[in-house]
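Me: I have a model open and want to go through it piece by piece. Can you take my questions as they come?

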Amino acid sequence: MTVDVMKLYETMLAHMGPQGWWPADSKVEIILGAILVQNTAWRNAAKALDGLRQKTDFSPDAIGRLNREELEALVRPSGFYQNKTRAIQGVWDFFAPASWDYAALARQHGSN
């Protein structure tokens, strides 16, 4: 059974409306927060997010320019910093072809 995630999302959005529950001001912050909160308390993820915000202002380009050691240092407060650094770098590699254009990314991967 395959699930059309975008159709599921649109159905849920139409039925329930925007939820606004994630404590973030941008999509980049949501992505980072979702990675950083894994296996840790939110307060520790928030510390890492604060450091990333101060260093990069959540600019995708600025985050992408961080080398592994710089990113690890910023991610460290959230624990499992090496794994989370690899996850962040993997997400950045995934988004790179679409240059953080979410509509282009959806088209590139067959969703609309």
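Reply: Here are the questions and answers, starting with the overall make-up. The model is a predicted one.

Me: How many helices and strands does the protein chain have?

Reply: Seven helices and zero strands. From the N terminus on, the elements run α-α-α-α-α-α-α.

Me: What share of the 112 residues is buried?

Reply: Buried residues make up 30% of the protein chain.

Me: Why is α2 said to be largely enclosed?

Reply: Because seven of its ten residues are buried. Those in α2 are V28, E29, I31, L32, G33, I35 and L36.

Me: E29 carries a charge, so what does its side chain meet?

Reply: The side chain of E29 meets that of R53 in a salt bridge, at 2.8 Å from N to O. This pair links distant parts of the chain, with E29 in helix α2 and R53 in helix α3 (residues 42-56), 24 residues apart.

Me: Are the two ends buried or exposed, and what are the values?

Reply: E29 has 6% relative accessibility, so it counts as buried. R53 is at 31% and therefore counts as partly exposed.

Me: Which other residue forms a salt bridge with R53?

Reply: D50 does, with the closest N and O atoms 2.9 Å apart. D50 and R53 both lie in helix α3, three residues apart, about one turn of the helix. D50 is partly exposed, its relative accessible area being 36%.

Me: How many salt bridges does the structure hold?

Reply: Four. Another of them joins the side chains of E72 and R68, at 3.2 Å from N to O. Both residues lie in helix α5 (residues 68-75), four residues apart. E72 counts as buried at 10% relative accessibility, while R68 is partly exposed at 42%. As for networks, salt bridges that share partners join E29, D50 and R53 into one.

Me: Changing topic, how much space lies in the second largest pocket?

Reply: About 430 Å³. The pocket is lined by 17 residues, and Y9, P18, Q19, G20 and W21 lie nearest its centre.

Me: Which helix gives the largest share of that lining?

Reply: α1, with six residues. α1 and α2 (27-36) each supply at least two. By type, the lining divides into eleven nonpolar, four polar and two charged residues.

Me: Last one: which residues form the nonpolar patch on the surface?

Reply: M1, V3, V5, L8, M12 and M16, with about 680 Å² of accessible area together. M1 is in the segment before α1 (5-16), and M1 is exposed at a relative accessible area of 97%.

How values were computed:
Residues numbered from 1 in each chain as written. Predicted model: local features only at pLDDT ≥ 70, side-chain atom pairs only at ≥ 80, totals over all residues. Heavy atoms only, no water. Patch = residues over 30% accessible without salt bridge, like charges linked within 9 Å, V, L, I, M, F, W, Y side chains within 5 Å. Areas by Shrake-Rupley, 256 points an atom, 1.4 Å probe, with all protein chains shown as cover. Buried < 20%, exposed > 50% of the residue type's maximum accessible area, 1.4 Å probe, protein only. 1 Å grid on protein atoms, 1.4 Å probe; cavity = no way out; pocket = protein on both sides within 12 Å on 5 of 7 lines; lining within 4 Å. Points joined across faces, edges and corners; volume = space filled by probe spheres on them. Nonpolar A, V, L, I, M, F, W, Y, C, P; charged D, E, K, R; others polar.
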